[in-house]
Amino acid sequence: MKKIFKIIGIIVGILLILLLAAPYLFKDSLEKLLVKNINENLNATVAWEVFDLSLFSSFPNAALVINNYSVINKVPFEGDTLVAGQQLKLNMGITQLLNGGGDPIKLDEIILNKAKLNIKVDVNGNANYDIAIKEDTPGTIENTEEAGNGFTFDLQHYELNDSEVIYTDESTKTCLTLSEFNHEGTGDFSMDTMQLDTQTSTIVSYKMEGEEYLNKTAIVLDAVFQMDLFNQKYSFLKNEARINDLPLTFDGFVQMNETNNEIDLTFKTPSSDFKNFLALIPKAYVKDMDGVSTTGNFSVNGTLKGIADEERIPTMDIKVRSENASFKYPDLPKEVRNISINVDLVNTTGFMKDTYLNIGGITFKIDNEIFNVSGNVKDFTENMLINLALQGTLNLANINKVLPIEMEQNLTGVFKADVVTNFDMQSVEKEQYQNIKTTGTASLNGFNYSDAAFKNPIAISNASIKMSPGNIILEDMNATTGDTDVNASGTIQNLIPWIMAKQDLKGRFLLKSDTFNLNDFMSETSESATGNEKTSLSTAEDKIKIPDFLDATIDFQAKKVIYDDLTLDNAKGSVVIKNETAGLRNITSSLLGGDIALDGNISTKTETPTFAMDLDLSKINIDESFAKLGILKFLVPIAKGLQGNMNTKIKLNGNLNSDLTPDLKSLAGNAFAQILTAEVNKEQIPLLNALGSELSFLNLDQLSVQDVATNLKFDNGNIVVSPFDFDVQGIKITAGGSHGFDQNMNYNIKMDVPAKYLGSEVTSLLAKLDPAEVDKMTVALPIGLTGSFDNPKVNLNTNAAISELTKKLIDKQKDDLINQGANAIQDLIGGGNSNENNGTTNSANDALSGILDGIIKPKDSTTPSTTNQNGTNTNSTTETIKDVFGGLFGGGKKKKKDSIKGGN
């Protein structure tokens, strides 16, 4: 007995050793075999992070586990990921590992966990899942001597757990998404005919041509299929599907032929309870139906039969019916009654264009208000034709009183319609509005709407539309939000295209308002900026976005427009809105005691909003302007202490912050500012206080300025101010320079200051002048201004002023000496006024002129000879001086003596 146990122990030990050693013995060979099969059969790049072999996790089978794998397409979908997943598990019999004959390894089970399958079909019909190497390609299994060495599928079970499948077909513009996809099947795939038992659950979303037909709809299908693998025919044996909670059963088959698919299916609701209809409403919007009381019936019956290929679809006849039904939720106050549904989806030819939807009528009643929709939709694929009639009354507030819909907000208002419309989608898309035949009226009263995008609820007391072919008129609309009231009327070009094709809403409207407060259209969320993170006129991160669906012109008249704490009176003009850009045209208003004229545009189309404007402000109050027009604080900061009136013209462009205030660092343009008349409060201008401290002679306590104008230019965050002149107590001042939006400045000022104000440094110089001359003597005093407007630094260049004064005094002394010399000469020649001595006087004048020229001009002057009024030849200044002095002090005496002699 001991020997038997010993033998058994040895055998078990050997088996354990083999189980432990097998992964190491076979792992490399299996991985090489898998790589070989991939390279020989797939035109794609396959990769994985972990390749492992386990004999314990699925004993008595062996499990080949591949973690974090991917399959990347090659051309024509190069770089796209076809499939990627967390884990792929392949189970096989342990004996398959010991197969030394080179036979293919048979796989019994495939399990994929957290896989993502991305299937694409391009406009040319190429599919990214078509990655198998063609059989006639050299190097495939059929053309190699080792064709028998690989993997074969002998499946008994497969699973796809917590995965996602995305199917996109660009040729048909369809997109199908299966999320939270769980599917498994059990059957013997080694047989030509088998039964496959499946369980499937998923969340389905489906779009076609941009329209959403299913949105996160829950679908469950438990079905047993009879599978004829040889003929590829699959029949329903036993099944039940649920769309949300609507049950459906199927009967029939699908057969896949070489060039088409043959379909013969019928389906129906197994019961006719009206709860089946409520089950169609997605649970994302409606709570469960426990305790809901219903009357009446609801049924869905349909057939699909025929061939499906590139040209044809199966014929169909799907009927949805309900008669005299009602429902009421236990916790809600109202009931929906008299529900009738008569809808057919029909195709009798097998061609998609012949499919049509007939709405015989959808009617319901809440309280005493009946609403009905009827019509038909034809030609789904080529040019959809739509005929609809809407008639009745719907109180929007009742929606939450009859259905437990989890809406973002509660709606109120009464909608009334009596409308018939007839149009085709090509006319809608091509904006051929004359082909849209719509008649009737529609109105909305007592409508209230709240949205996070608006600070206050929007209340529409009444809105009425009258429709006729080619003409839709907004007869009247009155709305309020916050402090804002609006009355609007106008014409709408494309109401139906806007609703059906999501085109821009086009039209022209007249908007009137007693008070239009732009602050009412700010979002409630605000965030204060700190430090230098943001340079703007506002610190609030208020979000304003120009609607992207508007292509309209709005002519407006408003008695009062409020923005921030700024009020515009009697505003009027036009706003042209298109492509998220608002063009401001001929806007005029009264503002700050003056008038405003504005043209420009604002665009929120790009991530960073932009603007451009021409602004003309006439005779506005300076003090009030600086309190309410933030941009003036940056343009002319020194003027904030002025009390009076000014004109300004501003031409600017740049970026905007999210609250549509200018980003000052981005500004470009120019401006003109003119102070008409103003009194100065120097206490509000630190710069004037600083100047007053340095210039004690300058009395700034009662300073007035009048008609001071300058031009400004914006350059890389700086404002360059052209030189301008003004007068303070008879002192002419010229100023110019630049400052930044950070208020740092660099200005140069020149003051024509009376010389006596320069102090002791010039006392000795001025002492040589008589008092009258001292009072008249002025000198230019250069002043440099740096620092900031709130903390200025004043630099008086007195040395330059003293140098200029010294030069002036020297020039004056030179002039005085010349004048004294001239007077002395006149005294010497004397008798300048007697008639007898007229000739002598003229000679003296000529001599004096020559002396002055000799003093002023250089001695070696080479001035060309000229002839004066008396015909005297002034050959050169030097010669003239010699002649004059010679005649006076030498030759003259000699001539006098000679004349006396001659007289005797």
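## Salt bridges

K319 is partly exposed, with a relative accessibility of 32%; buried means under 20% relative accessible area, exposed over 50%, and partly exposed in between (1.4 Å probe, protein chains only). K319 pairs with D317 in a salt bridge whose closest N and O atoms are 3.6 Å apart. A salt bridge here is a side-chain nitrogen of Lys or Arg within 4 Å of a carboxyl oxygen of Asp or Glu. D317 is also partly exposed, at 29%.

The structure holds 11 salt bridges. Another one joins K116 and E164, with 3.9 Å between the closest N and O atoms. K116 sits in strand β4 (residues 105–121) and E164 in strand β5 (residues 151–169), so this pair ties together parts 48 residues apart in sequence. Strands (E, at least two residues) and helices (H or I, at least four) are DSSP runs, numbered from the N terminus.

## Basis of the model

The model is predicted: local features need pLDDT of at least 70, side-chain atom pairs count only at pLDDT 80 or more, and totals for chains, interfaces and linings use all residues. Residues are numbered from 1 along each chain as its sequence is written, and side-chain values use heavy atoms, leaving out hydrogens and water.

## K506

K506 lies in strand β24 (residues 505–517). With 15% relative accessibility, K506 counts as buried. Leaving aside residues up to four places away in sequence, K506 touches E431, Y433, T491, I492, Q493, N494 and D551; contact means heavy atoms within 4.5 Å.

## Whole chain

The protein chain has 14 helices and 39 strands. Of its 904 residues, 39% are buried.
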